Amino acid sequence: MIPRCLSCHKLFWYPRPQCPFCLGDTKLEEASGIGTVYTFSITRRAGPIPYCIAYVELAEGPLMLTNIAECDLDAVRIGSPVHVYFREAPNGARVPYFTLS
Ligand SMILES: [Zn+2]
């Protein structure tokens, strides 16, 4: 789900109760779950398992700070197509991650 402004109709990320462009009210709408890697960073020295933090440009336009996982991190490139999947956090929340398409 991604928020859209009810006044100026722009989409944005992250979710907020007011539009960051015009302070209008917002509603959530279903996103496609696909995008491309805008930029990324792979951390290899913090622990035994490397991880990748990235900005993904959603197909709908907004940039989303997220993680890329469940794929060969050495294959991640700027512009790589990715799609969303969800991991369950300890509190039960479903956290969006992306993986290479
Ligand atoms: Zn707006």
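## Domains

Domain bounds come from an automatic or database domain assignment. On that basis, the C-alpha centres of domain 1 and domain 2 lie 22 Å apart in this predicted model. Domain 1 covers residues 1-30, and domain 2 covers residues 32-100.

Four residues from domain 1 and six residues from domain 2 take part in the contact between them. On the domain 1 side, the four residues that touch domain 2 are nonpolar, with no polar and no charged residues.

## Overall architecture

The chain contains seven strands and zero helices. Its pattern along the sequence is therefore written β-β-β-β-β-β-β. The C-alpha atoms fill a box of roughly 45 × 30 × 20 Å, taken along the principal axes.

Of the 101 residues in the chain, 16% count as buried. Among contacts with a separation of 6 or more, 40% are between residues 24 or more positions apart.

## Strand pairing

Strand 3 pairs with two strands described here. With strand 4, the pairing is antiparallel and extends over eight bridges. Strand 3 also runs antiparallel to strand 6 (residues 81-88), to which three bridges join it.

Thr36 illustrates both pairings. In strand 4, Thr36 stands opposite Glu57, while in strand 6 the bridge partner of Thr36 is Pro81.

## The nonpolar core

The largest nonpolar core comprises 11 residues: Ile2, Ala31, Val37, Phe40, Cys52, Ala54, Val56, Leu58, Ile68, Val82 and Phe98. Strand 3 (34-43) and strand 4 (51-58) each supply at least two residues of this core. Strand 4 gives the most, with four residues. In soluble globular proteins, nonpolar side chains tend to be buried together.

## Surroundings of Val56

Which residues does Val56 touch, not counting residues up to four places away in sequence? They are Gly35, Thr36, Val37, Tyr38, Met64, Thr66, Val82 and Phe98. Among these contacts, Val37, Val82 and Phe98 are also members of the largest nonpolar core, as is Val56 itself.

The contacts of Val56 include Thr36, the residue that stands opposite Glu57 in strand 4 and has Pro81 as its bridge partner in strand 6.

Notes. Residues are numbered from 1 along each chain as its sequence is written. This is a predicted model: local features need pLDDT of at least 70, side-chain atom pairs count only at pLDDT 80 or more; totals for chains, interfaces and linings use all residues. A nonpolar core is a set of buried Ala, Val, Leu, Ile, Met, Phe, Trp, Tyr and Cys residues joined through C-beta atoms within 7 Å. A residue is buried if 20 or more other C-beta atoms lie within 10 Å of its own, exposed if 12 or fewer, and partly exposed in between; C-beta atoms are placed from the backbone. Two residues are in contact if their C-beta atoms, placed from the backbone, lie within 7 Å. Two strands pair if DSSP finds at least two bridges between them. Ala, Val, Leu, Ile, Met, Phe, Trp, Tyr, Cys and Pro count as nonpolar, Asp, Glu, Lys and Arg as charged, and the others, Gly among them, as polar.
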